[in-house]
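Student: Please take one part of this model and go through it closely, side chain by side chain. I would like the contacts tied to where they sit in the fold.

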Amino acid sequence: GTVFADQFNPIEAHVKATGLPFTLIRLPLFVDNNWGNKDSIQGRGVIYGPQDPDKKYTPVVAADAGKAAATLLSDPAKHHAKVYTIVSDRYSNKELAAEFSAALGKEVKYVRVSYDQAKQSYVG
């Protein structure tokens with residue numbers, strides 16, 4: 001697993017142990033979270049994050065995750081005791097920065113920071 005995904009393992013285990021009907025939807029990071037980088041992209045041409053810049057990952061758009069959840073909830077018995085992982089195409093943060101560069105017509109680079117630095121920037 002990953003640091004992000006592994007934090008949910010105890011929750012999933014608890015849900016499964018309750019004996020209640022369940023369907024689990026595993027979601028990766030949201031593409032929408034890139035809005036949090038807006039100021040640093042515009043002002044400094046930088047995306048900061050703790051991930052390896054070359055490692056590919058599969059974020060998802062929040063609205064797409066919502067549509068998938070609605071589909072599963074429309075027929076819960078059909079999806080009982082199943083686990084779904086909702087993802088998009090794989091890309092790296094280096095590739096993401098290149099796409100921002102192309103779209104904005106200026107260089108945007110990805111700068112890796114420690115997990116502690118990233119956490120502090122998220123929680124203020």
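Tutor: D54 has a relative accessible area of 47%, so the residue counts as partly exposed, the cut-offs being under 20% for buried and over 50% for exposed. This is a predicted model, and every value here is computed from it. D54 forms a salt bridge with K94, with 3.3 Å between the closest N and O atoms. K94 belongs to helix α5 (residues 93-104), whereas D54 sits in the loop between β2 (46-49) and β3, so this pair ties together parts that are 40 residues apart in sequence.

The next contact also involves helix α5. The side chains of E95 and K56 meet in a salt bridge, at 3.0 Å from N to O. E95 lies in helix α5 and K56 in strand β3, so the pair joins parts 39 residues apart in sequence. E95 is partly exposed because its relative accessibility is 33%; K56 is also partly exposed, at 37%.

K56 leads on to the aromatic side chains. Y91 touches K56, and also V31, K55, Y57, P59 and L96, leaving aside residues up to four places away in sequence. With ring centres required to lie within 6.5 Å, the count comes to one aromatic pair. That pair is Y57 with Y91: the centres are 5.4 Å apart and the planes make an angle of 55°, which makes the pair tilted. Y57 is in strand β3 (residues 56-57) and Y91 in strand β5 (residues 91-92), so the pair links parts of the chain 34 residues apart. Y57 and Y91 are both buried.

To complete the salt bridges: a search of the whole structure finds three. The remaining one is between the side chains of E12 and R26, at 2.7 Å from N to O. E12 is in helix α2 (residues 9-17) and R26 in strand β1 (residues 23-26), so parts 14 residues apart in sequence are tied together. In general, side chains of opposite charge can pair when their charged atoms come close.

Methods: Residues numbered from 1 in each chain as written. Predicted model: local features only at pLDDT ≥ 70, side-chain atom pairs only at ≥ 80, totals over all residues. Heavy atoms only, no water. Phe/Tyr/Trp six-rings, centres within 6.5 Å; stacked < 30°, edge-to-face > 60°. Helix = DSSP H or I, 4+ residues; strand = E, 2+ residues; numbered from the N terminus. Buried < 20%, exposed > 50% of the residue type's maximum accessible area, 1.4 Å probe, protein only. Contact = heavy atoms within 4.5 Å. Salt bridge = Lys/Arg side-chain N within 4 Å of Asp/Glu carboxyl O.
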